[in-house]
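I opened this notebook to record, entry by entry, what I looked up in one protein model. The coordinates and the sequence come first.

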Amino acid sequence: DLSRDFNVVIKQTDKGSAVVVWDREDYLQEVENHLGDENTYSEVDTNPIPNLIQLVSNTLNEMKRKGEIDEKTREFLSVKESKLGRFYLLPKVHKRLFNVPGRPVISNCGYVTEKISSFLDFHLQPLAQQVNSYVKDTNDFLRKIRNLPPLQGNTLLCSIDVVSLYPSIPNEGGLAAMRDALDTRTNKSV
């Protein structure tokens, strides 16, 4: 019955596996807070998808021409049709239980770069895990600090919280990341 109540929004929390029943007005106000940030989001007058499909197609064709990818990979990464990403928020109840902030998510499912994102994730995962600062999750972090030698008396332990990491990455970053990931491969096929 609750899932059919138009006055609420039901979402899984940003951290953990809890489910939150969010008052629709509060949810929409938090959406407006995010989308109203003109430094991060801008309104568009026309559908950008056709131009993005053309840009991806041109980039993939150029990469194929240069031998950076093979035909099978170019075909896999190409899209003929696409839809806009779907914006939604995940409640951050670990921050506070009143006036709950939301973490913005834009679903890539069906978007022009969905296959490219999947491809990059596949090829970057092994590389990311080789970086000394790589931490998989909380348990991995706890294992790593347990294995540290005794810390000096003037050692300061601290943590950081990155705010709006992905919205802060310039649009050109995705294509550059794809090229960087492709440069590390010895096998040019999918």
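**Entry 1. Conventions.** I worked on a predicted model, in which local features need pLDDT of at least 70 and side-chain atom pairs count only at pLDDT 80 or more, whereas totals for chains, interfaces and linings use all residues. I numbered residues from 1 along each chain as its sequence is written, and I took side-chain values from heavy atoms, with hydrogens and water left out.

**Entry 2. Confidence.** I looked up pLDDT, the predictor's confidence in each residue, from 0 to 100. The protein has an average of 85, and 86% of the residues score at least 70. Where is confidence lowest, and where highest? Helix H6 (residues 173-183) has the lowest mean, 61, and helix H3 (residues 71-77) the highest, 95.

**Entry 3. Secondary structure.** I took helices (H or I, at least four residues) and strands (E, at least two) as DSSP runs, numbered from the N terminus. I found 6 helices and 4 strands. Their order along the sequence is β-β-α-α-α-β-β-α-α-α.

**Entry 4. Burial, surface and contacts.** I called a residue buried under 20% relative accessible area, exposed over 50%, and partly exposed in between (1.4 Å probe, protein chains only). By that criterion, 24% of the 190 residues are buried. The accessible surface (Shrake-Rupley method, 1.4 Å probe; for residues, only the protein chains shown count as cover) is about 14,200 Å², and carbon and sulfur atoms account for 52% of that area. I counted a contact when heavy atoms lie within 4.5 Å. Taking contacts between residues at least 6 apart in sequence, I noted that 58% join residues at least 24 apart.

**Entry 5. Helix H2.** Which residues of H2 are buried? They are Ile49, Ile53, Val56, Thr59, Leu60 and Met63. Viewed down the axis of H2, the buried residues fall within an arc of 135°, so they line one face of the helix; the arc is that of the directions from the helix axis to the C-beta atoms. Pro50, Asn51 and Arg65 are exposed on the other side of H2. Just after H2, I noted glycine 67, which has a positive phi of about 80°.

Entry 6. Glutamate 62 is partly exposed because its relative accessible area is 26%, while arginine 65 counts as exposed at 59%.

Entry 7. I then examined aspartate 140, in helix H5 (residues 138-146). Its side chain meets that of arginine 143 in a salt bridge with an N to O distance of 3.8 Å; these two residues are 3 apart, about one turn of the helix. Aspartate 140 also forms a salt bridge with lysine 144, at 3.5 Å, N to O, and here the separation is 4 residues, again about one turn. Aspartate 140 is buried, with a relative accessible area of 12%. Arginine 143 is partly exposed at 43%, and lysine 144 is partly exposed at 34%. Elsewhere, salt bridges that share partners join Glu71, Arg74, Glu75 and Lys80 into one network.

**Entry 8. Histidine 34.** I located histidine 34 in helix H1 (residues 24-35). Is histidine 34 buried or exposed? Histidine 34 counts as buried because its relative accessibility is 17%. Leaving out residues up to four places away in sequence, I found that histidine 34 touches Tyr41, Phe87, Leu89, Gly102 and Pro104.

**Entry 9. Serine 82.** I found serine 82 in the loop between H3 and strand E3 (86-91). Serine 82 counts as partly exposed, at 22% relative accessibility. With residues up to four places away in sequence not counted, serine 82 touches Ile49, Ile53, Gly110, Tyr111 and Val112. Serine 82 and isoleucine 53 are 29 residues apart in sequence, and their C-alpha atoms are 7.8 Å apart in space. Isoleucine 53 is one of the buried residues of H2.

Terms used. Salt bridge = Lys/Arg side-chain N within 4 Å of Asp/Glu carboxyl O.
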